[in-house]
Amino acid sequence: MKNLLLLFAVVAICSCGSDVDCDPNSFAADVNAEVDKVNAIGVDFANDPSEENCKSYKKAAEEYLDAVEAYKNCDGIDQNQFSQQLSQARQLLDIIPCN
């Protein structure tokens, strides 16, 4: 789980879409709520790895990645690196068993 959280942080730092303000301050404001939600639900899941908490964690993480992905077309983004990191994060989510 630590690797997954670290990857989310890396994606957040490296990311910036067509309908978003690509200013780093806007990115922080838009994504911070999702980060807070993932962190809070991640703590719940770590303390009680139930199926319900697992599904909540995966949903929050997917919403976070969707928020980050909105910034993919901002100038200065290495598209290959961005796409790779986002893909890796989604693959990590897919292998978390919620049963």
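A residue counts as buried here when its relative accessible area is under 20%. With that cut-off in hand, take a residue from this predicted model: cysteine 54 has a relative accessible area of 1%, so cysteine 54 is buried. The views below move from the whole chain to its helices, rings and disulfides.

**View 1. The protein chain is built from four helices and zero strands.** Reading from the N terminus, the elements follow one another as α-α-α-α. The chain has 99 residues, and 36% of them are buried.

**View 2. Helix H2 carries a kink of about 40°.** Where is the kink centred? Look for valine 31 in H2. The end C-alpha atoms of H2 are 33 Å apart, which agrees with the 34 Å that its 24 residues should span at 1.5 Å a residue. Valine 31 is also one of the buried residues of H2, a list that includes Ser26, Phe27, Val38 and Ile41. Gly42 and Phe45 of H2 are buried as well.

**View 3. Glutamate 34 sits in helix H2, which covers residues 24-47.** Is glutamate 34 buried or exposed? Its relative accessible area is 18%, so glutamate 34 counts as buried. Setting aside neighbours within four places in sequence, you can find glutamate 34 in contact with Ala60, Glu63, Tyr64 and Ala67.

**View 4. Helix H3 takes in residues 51-69.** Its 19 residues reach 27 Å from the first C-alpha to the last, close to the 27 Å expected at 1.5 Å a residue. Alanine 61 is found in H3 and is buried, with a relative accessible area of 0%. Its C-alpha atom is separated by 5.8 Å from that of valine 38, although these residues are 23 residues apart along the chain. Lysine 59 is also in helix H3, but lysine 59 is exposed, with a relative accessible area of 52%. The C-alpha atoms of lysine 59 and leucine 93 are separated by 9.3 Å, and the two residues are 34 residues apart along the chain.

**View 5. Phenylalanine 45 and tyrosine 57 form a stacked pair of rings.** The count of aromatic pairs in this model comes to one. The ring centres of phenylalanine 45 and tyrosine 57 lie 5.7 Å apart and the planes meet at 20°, so the pair is stacked. Phenylalanine 45 belongs to helix H2 and tyrosine 57 to helix H3, so the pair ties together parts that are 12 residues apart in sequence. Both phenylalanine 45 and tyrosine 57 are buried.

**View 6. Cysteine 22 and cysteine 74 are joined by a disulfide.** The S to S distance in this disulfide is 1.9 Å. What is the handedness of the disulfide? The torsion about the S-S bond of cysteine 22 and cysteine 74 is about -80°, so the disulfide is left-handed. Cysteine 22 lies in the loop between helix H1 (2-14) and H2, while cysteine 74 lies in the loop between H3 and helix H4 (79-94), so the pair ties together parts that are 52 residues apart in sequence. Cysteine 22 is partly exposed, with a relative accessible area of 31%, whereas cysteine 74 counts as buried at 3% relative accessibility.

**View 7. Another disulfide joins cysteine 54 to cysteine 98.** Here, too, the S to S distance is 1.9 Å. The torsion about the S-S bond of cysteine 54 and cysteine 98 is about -70°, so this disulfide is left-handed. Cysteine 54 lies in helix H3 and cysteine 98 in the segment after H4, so the pair ties together parts that are 44 residues apart in sequence. Cysteine 98 counts as buried, at 14% relative accessibility. The structure holds two disulfides, and with bonded cysteines counted along the chain, the pattern is 1-3, 2-4.

Note on methods
Residues numbered from 1 in each chain as written. Predicted model: local features only at pLDDT ≥ 70, side-chain atom pairs only at ≥ 80, totals over all residues. Heavy atoms only, no water. Helix = DSSP H or I, 4+ residues; strand = E, 2+ residues; numbered from the N terminus. Expected span 1.5 Å × (residues − 1). Buried < 20%, exposed > 50% of the residue type's maximum accessible area, 1.4 Å probe, protein only. Contact = heavy atoms within 4.5 Å. Bend = angle between axes of the 7 residues up to and from the residue. Phe/Tyr/Trp six-rings, centres within 6.5 Å; stacked < 30°, edge-to-face > 60°. Disulfide = S-S within 2.5 Å.
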